[in-house]
Structures are given as structure tokens and as C-alpha cells.
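Here is a friendly set of questions and answers to read alongside the model. Keep the viewer open as you go.

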Amino acid sequence: MLLAYPFRLLVPRRAAPEAAVSAAVALLVLAGAADLVPTSVVIALAGGAGATLAGVRLSRLATRRPAEASPAELPPTEVTPTDPSTAEAWRADPPSGGPATADSAATVPSAPTPSAARAGAADGLPVARPVGRAARRRAARRAAGVLLDAAVVAAGLTAAVLPLADTGHRAAALIGFLVSAALSAAGLRRLPGRTRPSARLRLRHLVEATGPAVGLALAAWLLLPRDVLPAPTRLVAALGLGGLGMAALSALTGPHRRSGAVICRGGVLLTLVGLALLATLPPAPAGRAALVAVPPLVLGMLLTAFGARDAMDAVAVEAAGRPAAWPRSVLPAALLLLAAGLHLGAGRSPDRMSVLLAVAAVPPLVLRELLRSGDAATPDRRAAHRRRAGRAVRHRRATRWLGAPDDGPATSNGAGSTWSPDGEVSWSALSSRSAPAGAGPGNRAALLDALAAIGDVPAPAGALLLVDLHGADGIGPAAREDVLAEAVIRARAVVAPGDLVTGCAGTGFAVVTAAGPVLAYALGTRLLTALTPSYRLAGSVLRVQASIGLAEVSGAGPADVLRQAELARRRAVQLGRDRVEWYDAFLEEQLVRRLDLERELPGAVARGELDLVYQPVLDLAGRQPVGAEALLRWRSPVLGTVLPAELLPVAEDLDLVGELEWWVLDRACRQLADWSAGTRELWMAVNVTTRELTTPDFVQRAAAVLAAYGVSPERLVVEVAEPRVAADLSTVVARLAGLRSLGVRTALDDFRAEHASLAQLRRLPIDLLKVGPELVGARPDGQPPLIDVVVNVGERLGVEIVAEELESPGQVEGAHRAGCRYGQGFALARPATAERVEAYFEEFPSTSR
């Protein structure tokens with residue numbers, strides 16, 4: 001338990017199994033190095049553990065159903081405008097930036113919902129229709145998952161069966177190497193997100209990697225055992241290990257190192273390095289040298305599965321960043337120095353092949369330095385050219401997305417929006433789109449360009465602020481354009497001259513600043529101050545709210561920064577708007593959990609995932625059970641058991657509270673009918689929200705449920721929470737009175753002993769008043785407990801008091817002494833299933849109301 005919290009902080013939840021397997025394998029290797037566990041057992045267990053986890057991950061990707069597909073796996077769609085005028089403009093200037101042809105339909109990565117398609121058609125916007133190519137892409141992804149899964153399993157089996165091979169150890173390892181290599185190559189070819197650099201760039205990468213690869217080969221030549229390997233075999237193995245090792249290092253430290261496809265390729269190469277070491281090193285019983293093969297083998301298999309998942313879940317290929325240069329230079333040199341030191345320390349002198357390999361490494365290194373010196377010949381001119389090109393690309397993309405032609409009369413204000421000659425901002429295209437932040441092709445590209453430009457500096461510092469406006473959706477399109485245009489003008493007045501402001505959503509925009517995190521947060525607060533004052537429209541005044549998400553640019557990829565800012569913006573919306581929220585890892589974990597809940601909750605009733613537990617309510621005088629409260633539990637096969645405190649806010653946002661509460665009432669009345677069939681006279685309390693209670697037919701529907709199960713109305717108690725009653729007090733009073741006219745008892749839950757609460761208590765037709773333990777204990781100022789006041793008021797109004805959440809015998813005794821008739825809480829009885837509660841009731845001779 002002591003390690004659980006730091007483990008959650010350091011390791012993302014989705015990588016927790018990989019981290020656990022890696023830690024276990026590290027302990028196994030240490031045990032093998034200390035001769036506590038046989039080397040063959042270490043290799044078999046480690047290889048089996050890595051292959052099992054990676055195989056499970058990959059098999060899930062291969063068998064993922066279309067409903068579970070990521071946005072990247074959804075069918076691509078052909079974008080076709082429906083309005084004739086829009087269609088003509090679309091053919092002349094499609095979103096992809098070139099003329100439309102029969103063979104070049106623009107595609108987007110996700111299919112629209114039917115409602116979105118209908119809305120788009122009504123507004124003359126492009127409507128997306130499925131393209132047949134989607135099935136082939138999904139088939140390729142499934143094939144990639146199957147092939148990579150088979151490759152990982154082959155590698156794991158090779159590691160597991162080697163200790164069983166008394167003879168032919170090297171041949172078995174070589175066969176496993178070749179099978180895994182062939183399957184991996186076929187899988188990588190079908191994996192989405194593969195980068196295809198030009199031939200010139202590939203040649204450049206080859207030249208830069210050759211020198212370090214030869215150095216790694218020389219290190220392998222010096223370290224491989226010469227007494228068990230013939231010289232030709234040893235040379236081939238050394239060259240192969242050097243090439244595979246450098247290829248893996250280049251992939252995992254290159255400009256696309258955050259791309260899932262590149263991570264997967266690096267994992268495959270590391271796996272092959274491990275298998276090659278198993279094939280060349282002496283068999284496990286002969287010594288501990290074979291333990292060297294375990295780390296690359298297991299790490300490679302885990303990275304293969306991890307990268308494949310990211311590649312299949314990615315919507316777009318990760319933008320190239322700056323390669324990590326120092327690992328490719330330092331790690332081969334450090335390994336070569338270590339090998340040379342061990343070789344000389346053993347009393348061996350350099351042989352002819354060592355000298356030849358050392359000499360062979362010199363020409364590639366010289367050529368690499370010549371190429372680098374040529375790149376640095378005119379740094380100022382190249383940098384200026386890149387800046388001009390970047391500004392031109394950002395301006396072109398931003399103006400295209402915001403609806404202005406590249407060669408039209410509008411000019412850029414340097415903020416990503418466009419200005420017409422009369423000084424007005426052109427928001428026509430922005431107002432016609434209601435996609436979520438970051439969804440539009442042009443604005444996403446402009447943001448990624450700006451973020452990549454900040455990340456290119458040696459010590460990147462900057463921030464992205466995503467701004468969303470609320471309150472302009474209910475007005476007309478023209479008025480919304482005016483509000484958005486005014487919002488951008490206000491934003492431009494507070495940002496720095498070099499900051500980028502670009503359209504981001506139908507009701508928002510983005511700001512990219514080079515300022516540090518503290519100044520960026522201050523900028524966010526200034527934006528809030530500037531955006532929240534009222535907007536004057538024709539004949540009216542509009543008040544809007546703003547939600548701002550902030551993410552730092554500190555070495556993360558542009559797409560990661562954009563995602564983090566979007567998560568922070570969503571959090572600002574959830575916390576009430578008119579605020580700036582900063583991204584952190586725990587925030588992402590919370591929001592991912594929230595998204596999981598929102599995805600899984602719809603349909604939970606139909607799938608039979610809901611359940612009820614019951615907490616007995618006892619008479620405090622005789623400690624006899626008199627009833628129970630029905631408590632909702634969601635037994636999700638994906639998320640586990642979800643409690644109401646986490647479930648109900650999501651249900652309210654998804655407008656599912658009514659469905660859940662009527663299910664609870666139906667199930668509770670059915671259970672109450674079973675309990676009432678005997679001699680027990682119990683009542684059942686169910687919770688309802690004021691939103692559901694105030695529906696016009698609530699009383700009639702409740703009567704129908706009672707009649708369906710033959711339950712006496714006085715056995716049902718309907719509870720409503722006091723903090724929400726005041727919003728619609730008159731309607732709540734009418735509904736509670738209607739329930740009491742049926743004979744149903746009513747209760748006010750979560751009562752607070754405040755002046756307003758006591759005043760409205762006189763108006764509410766209730767039978768029970770439920771108070772928390774905070775009213776039972778003594779107050780800090782030495783005054784008597786508030787429960788005394790509540791009990792006196794209850795006696796005058798004819799209301800019985802239920803003390804809930806009693807968790808200690810002292811609280812139970814205090815509630816009893818104060819005059820509370822009933823009690824409920826862990827100190828009396830815990831919530832349990834119907835069967836357990838019924839068994840609990842059997843311990844008492846009789847129960848009554």
C-alpha cells in the first residue's frame with residue numbers, strides 16, 4: 001500500500017502492466033545474476049511473461065470489434081457538399097488544397113453521426129459518406145495485429161524452449177529468430193502510421209548510423225566468446241548485433257520516436273537483438289552470460305505491443321520533432337569503451353579483425369562530420385528561410401480554414417484569423433463549423449506547426465491555451481459571428497505581438513505563446529477578464545462564459561500538447577467554466593476515467609449491469625430493523641463497481657438519471673414485495689432527484705409500480721436531497737403532497753441545520769428527516785449539538801428524525817440521547833445484497849415500522 005500512490009504518480013495507468021512485468025523481470029535477472037535462480041529458468045520465465053502480456057495486447061488489437069475501434073480505425077469518409085453553390089466552390093478549392101478530381105476525394109478520419117449528416121445537409125455543409133477503402137484498411141490493421149502477435153509468441157516460445165533443448169541450442173534460437181523476423185516484417189508493413197522518408201534522407205540516415213553501428217559491432221566482437229564460436233560465425237553475429245542495435249537505437253531516438261509505428265519497429269528490433277544474443281551466447285547451463293539477452297528481449301516485446309496500440313489508435317501521423325542526438329553518439333561509444341576495457345583487462349591483445357573494424361568505423365564518421373559542417377555553413381540564412389516558410393504555411397492554412405482565399409483581398413493579422421479591407425474579422429467558415437477543438441484539418445495543422453516551432457529551440461518553453469466560449473449557441477448565425485469576431489479582437493488586445501491566435505472550434509480559438517508557464521497562466525486570466533464582459537448585439541446584451549485549458553510546451557510532441565490542452569479545457573468546463581485549468585497527469589487520469597464512464601454508461605440498464613444493495617435502518621431504542629435504503633451500484637465489466645457519487649454526475653450530463661431512477665424504484669419495489677410476503681413489516685427508501693420528482697407524471701408512475709408488485713404505499717419511502725429542493729420548491733411541495741395522498745411516505749435527505757433550511761422545512765410535506773453525523777457531535781464553539789434543535793423542530797412538525805452515516809458507537813449513542821428515533825450507518829449495519837440483508841433480518845424476532 002505504501003508503494004501504490006507513488007507508483008500511480010510515476011506510471012500511467014495504461015502502462016501499469018508493462019511496468020509491473022518489467023519490474024518482475026528485473027528482479028528475476030538480479031536473482032539469476034546472484035545464482036539464486038538458474039539462468040535457464042530466468043530466461044524462460046522472463047520470455048514467457050513478456051510474450052504473454054504483449055501477446056494479449058496484440059490479440060486484442062487484432063480482434064477488436066468495429067464498435068471498439070479507435071477514431072483512426074473508423075471508416076474514412078468521402079466529403080461531398082450538398083448545397084449547389086458550396087459544391088461548386090468545393091470542386092474549385094477542396095479542403096485538401098488542390099483541385100478535386102474523381103480520384104482525389106478528401107477524406108476525414110471518422111464517420112459522421114446521422115444527426116450530424118442531417119444537420120450538415122440542412123446547412124449546405126459537406127456531408128461525409130463512407131468510402132469502400134475503409135474495409136481494406138481495417139483488414140490491414142487486423143492483419144498487422146495478428147502478424148505481430150505471432151511474432152511475439154514465436155519469440156517467447158523460443159526463449160521458453162531453449163532450456164529444454166539439450167542439443168541444437170543455437171539452431172533452435174536461429175529458427176526462432178528467423179520466424180520472428182519474418183512475421184514482424186510482414187506486420188510492420190501493414191501497420192498504420194509508417195513514415196516514408198525520401199531516398200536522399202534514407203541515405204543520410206544510413207551514413208550517420210554506419211559509424212556507430214560498426215562501433216557496436218566491434219564491441220560485440222570483443223565481448224562474444226571466442227572459444228565456442230568460430231571466427232566467421234562470430235563476425236556475422238557481431239555485425240548483425242551491431243546493425244540491429246543501431247537500427248533500434250535510431251528508431252527510438254529519431255525525429256519520429258513518439259510515433260506508435262516507430263516505437264513498434266524499435267521494439268521489434270530489440271526483440272531480434274535478444275534472440276540473436278540467445279543464439280550466439282553459450283547455453284544457459286554453461287553460465288550467466290545468457291542473462292544479457294533478457295532485457296532487450298522482454299523490453300522489445302513490450303514496446304512492440306505498446307507501439308502497435310498507439311499506431312492503431314492514432315488519428316494522424318505524429319509530426320516530426322528534433323532527434324535525440326546524444327544517445328546515438330554516447331551509448332555506442334560507452335559500450336565500446338566498456339568492451340575494450342574488459343577485453344584488455346582479461347589480458348587479451350587486439351586481433352586483426354578488431355583493428356579492421358576500428359578502421360572501418362572511421363570513414364563513415366568523417367563523412368558524417370562533413371555533412372554536418374555543410375549543414376552549418378549558412379545557419380542564419382537557413383533559419384530565416386524556415387521562419388519565413390513556417391509563417392507562410394501557417395498563414396495559408398489558417399486563412400484557408402477561416403474561409404478566406406489565399407489570393408483574395410483579405411490579409412492576415414499574424415494571429416491566424418483574417419481581416420477584410422474594412423477591418424472586420426472573417427468568421428464565416430468558423431461559425432459554420434461546430435466540431436470539437438482540434439478537429440478541423442486546417443486549424444490543427446496550424447497549431448501543430450506553431451507548437452513544433454516552439455519545440456525546435458534547444459530549451460523549449462511556451463504554452464498552448466485552448467479557449468471555449470459558452471452562451472453563443474442559442475443565437476443566430478450572424479449574431480454568433482459578431483460575438484466571435486469581438487472575442488478575437490479582445491484576445492488580440494491582451495496577447496503579446498508574437499503570439500499566435502487561430503480558430504479552434506465553432507465557439508472558440510487557440511492561443512500559442514512563447515511565454516513560460518507562469519506568464520501563460522497570467523495570460524489565461526487576462527483572457528478571462530477580457531472575454532467575459534457582456535457583448536452588445538443588435539437590441540440585446542449577451543453574457544458569455546469562457547473555459548480555458550493550458551498545456552506547457554516542454555519537450556512533448558505537438559499532438560501531445562494539443563491533447564493535454566483539450567483535456568484541461570474539458571476540466572475547466574466540468575468545474576463550472578469561467579476558469580483556467582492547468583494540465584497535469586492526474587487530471588488526465590481523471591478525465592480518461594470520466595470518458596470511460598460516459599462511454600460505458602449508456603445501455604448499462606439493458607445489459608443488466610445495474611445492481612442494488614440495501615442498508616438496514618434500525619430503531620435506536622430497541623436496535624430492531626425497521627426498513628432499508630436501496631443503494632445503486634453499477635457492476636461494469638470494464639470499470640468495476642461504480643458508486644453513485646461517481647455515477648450520478650455522469651448520468652445527469654448524459655440525461656440518463658430518469659432511466660436509472662425508475663429502474664431503482666422498480667427493482668426496490670420488487671424486493672420489498674418479496675420481503676413483505678412473510679410476516680415482516682419493513683419499509684424501503686429510494687432516492688430520487690428533484691429533476692425526476694418534478695416531472696408531471698411522477699406520482700402516477702410511482703403508483704403504477706406499487707400496484708404492479710402489490711406493495712402497500714406506506715412501505716415505500718421516497719427521499720429527495722435537501723440542497724436541491726430550493727430551486728423548484730413549489731413543484732417539489734406539490735409532488736411530495738401527491739405521494740403522501742397515495743400513502744407513500746416522504747423523506748428529506750442531507751438536511752443542513754441552516755436558517756433557510758429550517759424555514760423551508762415548514763413548507764415541505766415530509767414524514768422523515770435525515771441528518772448527518774456532523775449535527776450529532778458537539779460544536780467547536782462549545783454550544784450544544786445542532787441535533788437538539790433539529791429534533792425539537794421535528795417534534796413540533798410531526799417529523800421523525802433519522803440519523804445517517806453513523807460510523808462509531810459514540811455517534812449512535814449521541815443520536816439516541818438527542819431524540820433521533822431511527823439510525824443508519826456502518827456502526828449499525830453495512831450495505832449488503834438482498835440475500836445477506838434478509839439473513840440479517842432473520843437474526844431478529846420481528847420487524848416493524
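Q: Does D655 count as buried, partly exposed or exposed, and at what relative accessibility?
A: This is a predicted model, in which local features need pLDDT of at least 70 and side-chain atom pairs count only at pLDDT 80 or more, while totals for chains, interfaces and linings use all residues. Residues are numbered from 1 along each chain as its sequence is written, and side-chain values use heavy atoms, with hydrogens and water left out. The classes are buried for under 20% relative accessible area, exposed for over 50% and partly exposed in between, with a 1.4 Å probe and protein chains only. D655 therefore counts as exposed, at 53% relative accessibility.

Q: What is phi of D655 near?
A: D655 sits in the loop between α22 (644–653) and α23; helices here are DSSP runs of H or I with at least four residues, strands are runs of E with at least two, and both are numbered from the N terminus. Most residues other than glycine have a negative phi. D655 has a positive value, near 60 degrees.

Q: Which loop holds D578, another residue with positive phi?
A: Phi of D578 is near 55 degrees, a positive value in a residue other than glycine. At 28% relative accessibility, D578 counts as partly exposed. Its place is the loop between α20 (558–574) and β12 (579–582).

Q: Which residues does L739 contact beyond its neighbours within four places in sequence?
A: L739 is among the residues of the largest core that touch the most other members. Contact means heavy atoms within 4.5 Å. Leaving those neighbours aside, L739 contacts L693, F698, V699, A702, V718, V744 and T746.

Q: Why is the pair of W662 and F698 classed as it is?
A: Rings of Phe, Tyr and Trp (its six-membered ring) pair if their centres lie within 6.5 Å; planes under 30 degrees apart are stacked, over 60 edge-to-face and the rest tilted. W662 and F698 have ring centres 5.2 Å apart and planes at 45 degrees, so the pair is tilted.

Q: How many residues apart are W675 and F841?
A: These two form an edge-to-face pair, 5.5 Å centre to centre with 80 degrees between the planes. Both W675 and F841 are buried. W675 lies in helix α23 and F841 in helix α30 (residues 834–841), so this pair links distant parts of the chain, 166 residues apart.

Q: Which residues make the nonpolar surface patch of about 350 Å²?
A: Like charges are joined within 9 Å and nonpolar side chains (Val, Leu, Ile, Met, Phe, Trp, Tyr) within 5 Å. Helix α12 (residues 325–345) provides the largest share, three residues. The patch is made by L223, L335, L338 and L342.

How values were computed:
Core = buried A, V, L, I, M, F, W, Y, C linked by side-chain atoms within 4.5 Å. Patch = residues over 30% accessible without salt bridge, like charges linked within 9 Å, V, L, I, M, F, W, Y side chains within 5 Å. Areas by Shrake-Rupley, 256 points an atom, 1.4 Å probe, with all protein chains shown as cover. Salt bridge = Lys/Arg side-chain N within 4 Å of Asp/Glu carboxyl O.
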